[in-house]
Amino acid sequence: MVFAAASTVMENQLKYPSKYIFPKYNPYDADILITSHGDCTHSVASYLNTSGPYGTMIRKNYFMEIENTLGTDKWKVQGAIIFPLDEMK
């Protein structure tokens, strides 16, 4: 649930979201890290892929702190960054 919320929020933060492919959550994927800090706050470190020149796939990493409103499905971003920085609004 945390990863799905983070992916949706990240998609809304991108300049051109349709050109990115987000991974499906897999708890055994070493490139997806979710940490719970208590009080409904989580950190998500993950990636997304995009097409580069000549059809090559380029992986971009992101980090996000996200908070859930207790007892709801509402999420609020505390901070987010994608590398390289020029991809965000």
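Author: Helices and strands here are DSSP runs, a helix having at least four residues and a strand at least two, numbered from the N terminus. On that basis, the elements of the chain follow the order α-β-β-β-β-β from the N terminus on, which amounts to one helix and five strands. The model is predicted.

Now to the part you asked about. Side chains of opposite charge can pair when their charged atoms come close. A salt bridge is counted when a side-chain nitrogen of Lys or Arg lies within 4 Å of a carboxyl oxygen of Asp or Glu. By this rule there is one salt bridge. Its partners are aspartate 31 and arginine 59, whose closest N and O atoms are 2.9 Å apart. The pair links distant parts of the chain, since the two residues are 28 residues apart. Aspartate 31 sits in the loop between strand S1 (20-21) and strand S2 (33-36), while arginine 59 belongs to strand S4 (residues 57-68).

Aspartate 31 has a relative accessible area of 41%, so it is partly exposed. Arginine 59, with 42%, is therefore also partly exposed.

The strand that holds arginine 59 also holds tyrosine 62. Tyrosine 62 has a relative accessible area of 2%, and so it counts as buried. Leaving out residues up to four places away in sequence, tyrosine 62 touches a list of residues including Phe3, Ala6, Ser7, Met10, Tyr47, Leu48, Ile81 and Ile82.

Strand S5 (residues 75-83) includes lysine 76. Apart from neighbours within four places in sequence, lysine 76 is in contact with Glu65, Ile66 and Glu67. Between lysine 76 and lysine 24, which are 52 residues apart along the chain, the C-alpha separation is 21 Å.

Next comes a point of backbone geometry. Most residues other than glycine have a negative phi. Aspartate 39 has a positive phi, near 50°, and cysteine 40 has a positive one of about 65°. Aspartate 39 lies in the loop between S2 and strand S3 (41-51), and cysteine 40 also lies in the loop between S2 and S3. Aspartate 39 counts as exposed because its relative accessibility is 73%. Cysteine 40 has a relative accessible area of 22%, so it is partly exposed.

Finally, the chain as a whole. There are 8 positive and 9 negative side chains, and the centres of the two sets lie 8 Å apart. Of the 89 residues, 35% count as buried. The accessible surface is about 5,800 Å², and carbon and sulfur atoms account for 55% of that. Among contacts with a separation of 6 or more, 42% are between residues 24 or more positions apart. The C-alpha trace spans about 45 × 30 × 20 Å along its principal axes. The radius of gyration is 13 Å, which agrees with a compact globule, because one of 89 residues would have a value near 12 Å.

Key:
Residues numbered from 1 in each chain as written. Predicted model: local features only at pLDDT ≥ 70, side-chain atom pairs only at ≥ 80, totals over all residues. Heavy atoms only, no water. Buried < 20%, exposed > 50% of the residue type's maximum accessible area, 1.4 Å probe, protein only. Rg over C-alpha atoms; globule rule 2.2 N^0.38 Å. Contact = heavy atoms within 4.5 Å. Areas by Shrake-Rupley, 256 points an atom, 1.4 Å probe, with all protein chains shown as cover. Lys, Arg positive; Asp, Glu negative; His and termini not counted. Charge placed at Lys NZ, Arg CZ, Asp CG, Glu CD.
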